[in-house]
Amino acid sequence: MRKFFVGSLFLFLDISVQSNGHAISLLPDFVGVLFILLGFIELSGETPRYERQKPLTVVTLVLSVAIWVLQLLGVLSQWLSIGMEVIFTVLALYLIYQMVKGFVDIEEARGLSLDTGKTLITWKLFAALQVAGVVFGWVPVLNIILIVALLVVSIMMIAAIYRTGTAYLTATRGPRGGKLPEHNGPEL
């Protein structure tokens, strides 16, 4: 679960520097996708959903590396960049949705309380703002409002993933992170 949290930091926070008219991300998306992939691998035994997402996650990882390298080299045209970014965003939203639905699967299968309802609602709000940004991002006033709203919801999403991950780790390993015993009753 910690890998999902670290991955979300890279995916939801975007810190870039401008150089010669090109933006270079200091928190590249491909690092976030790599951590999401590692989270799927680590927790694939918890839910088959994570096992099924690995191939698409690898495709998303390759796409995000390609975008980052092409932007770094400054050889990506504006239209190609927009197209690749839209495809990446759709794939990333889908993978994050699958990650959150995996949380729900684990919560239900293990009978844990992981607060996944709030995490799923936050994802829906995040996805709606992403779509609104694409549809209304060209309107100057709406663009500013959407950027601020997306920043706030991105932080909420990171916090929701952290909360769910902490609840999972506490439930499965105890409050100090040690492995809990496998039995549920008193020893005789």
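**Figure 1. Overview of the protein chain.** There are 6 helices and 2 strands in the protein chain, shown here as a predicted model. Followed along the sequence, these elements come in the order α-β-β-α-α-α-α-α. Taken along the principal axes, the C-alpha atoms fill a box of roughly 70 × 30 × 25 Å. The protein chain has 188 residues, of which 39% count as buried. Among the contacts with a separation of 6 or more, 64% come from residues 24 or more positions apart.

Figure 2. The buried residues of α1 are F4, G7, S8, F10, L11 and F12. The elements that cover these buried residues of α1 include α2, α3 (48-73), α4, α5 and α6. Helix α1 itself spans residues 2-12, and α1 in turn is among the elements covering the buried residues of α5.

**Figure 3. Close-up of the packing of α2 against α4.** Helix α2, formed by residues 29-42, packs with α4 at an angle of about 30 degrees, and the two axes lie 12 Å apart. Since angles under 35 degrees count as roughly parallel, α2 and α4 are therefore described as roughly parallel to each other. The crossing of α2 and α4 is left-handed. On the α2 side the contact is made by D29, V33, I36 and F40, and on the α4 side by F88, L95 and M99. Sorted by class, this contact of α2 with α4 has 6 nonpolar residues, 1 charged residue and no polar ones.

Figure 4. With a relative accessible area of 5%, Q98 is buried, because buried means under 20% relative accessible area. Leaving aside residues up to four places away in sequence, Q98 touches R49, Y50 and Q53.

Figure 5. Residue D115 is placed in the loop between α4 and α5. Although D115 is not a glycine, this residue has a positive phi of about 60 degrees. For comparison, most residues other than glycine have a negative phi. The relative accessibility of D115 is 30%, so this residue counts as partly exposed.

**Figure 6. Close-up of helix α5 and its buried residues.** Helix α5 runs over residues 116-136 and has 21 residues; from its first C-alpha to its last it reaches 30 Å, close to the 30 Å expected at 1.5 Å a residue. Buried in α5 are T116, T119, L120, T122, W123, F126, A127, L129, Q130 and A132.

Figure 7. Residue L146 has its place in helix α6. Its relative accessible area is 15%, and L146 is buried. Not counting residues up to four places away in sequence, L146 touches L129, A132, G133, F136 and G137. Residue S44, by contrast, is 35 Å from L146 in space, C-alpha to C-alpha, and 102 residues apart from L146 in sequence.

How values were computed
Residues numbered from 1 in each chain as written. Predicted model: local features only at pLDDT ≥ 70, side-chain atom pairs only at ≥ 80, totals over all residues. Heavy atoms only, no water. Helix = DSSP H or I, 4+ residues; strand = E, 2+ residues; numbered from the N terminus. Expected span 1.5 Å × (residues − 1). Buried < 20%, exposed > 50% of the residue type's maximum accessible area, 1.4 Å probe, protein only. Contact = heavy atoms within 4.5 Å. Axes fitted to C-alpha atoms, helices over the stretch in contact; angles between N-to-C directions. Parallel < 35°, antiparallel > 145°, perpendicular 65-115°, else oblique. Left-handed = near helix turned anticlockwise from the far one by under 90°. Nonpolar A, V, L, I, M, F, W, Y, C, P; charged D, E, K, R; others polar.
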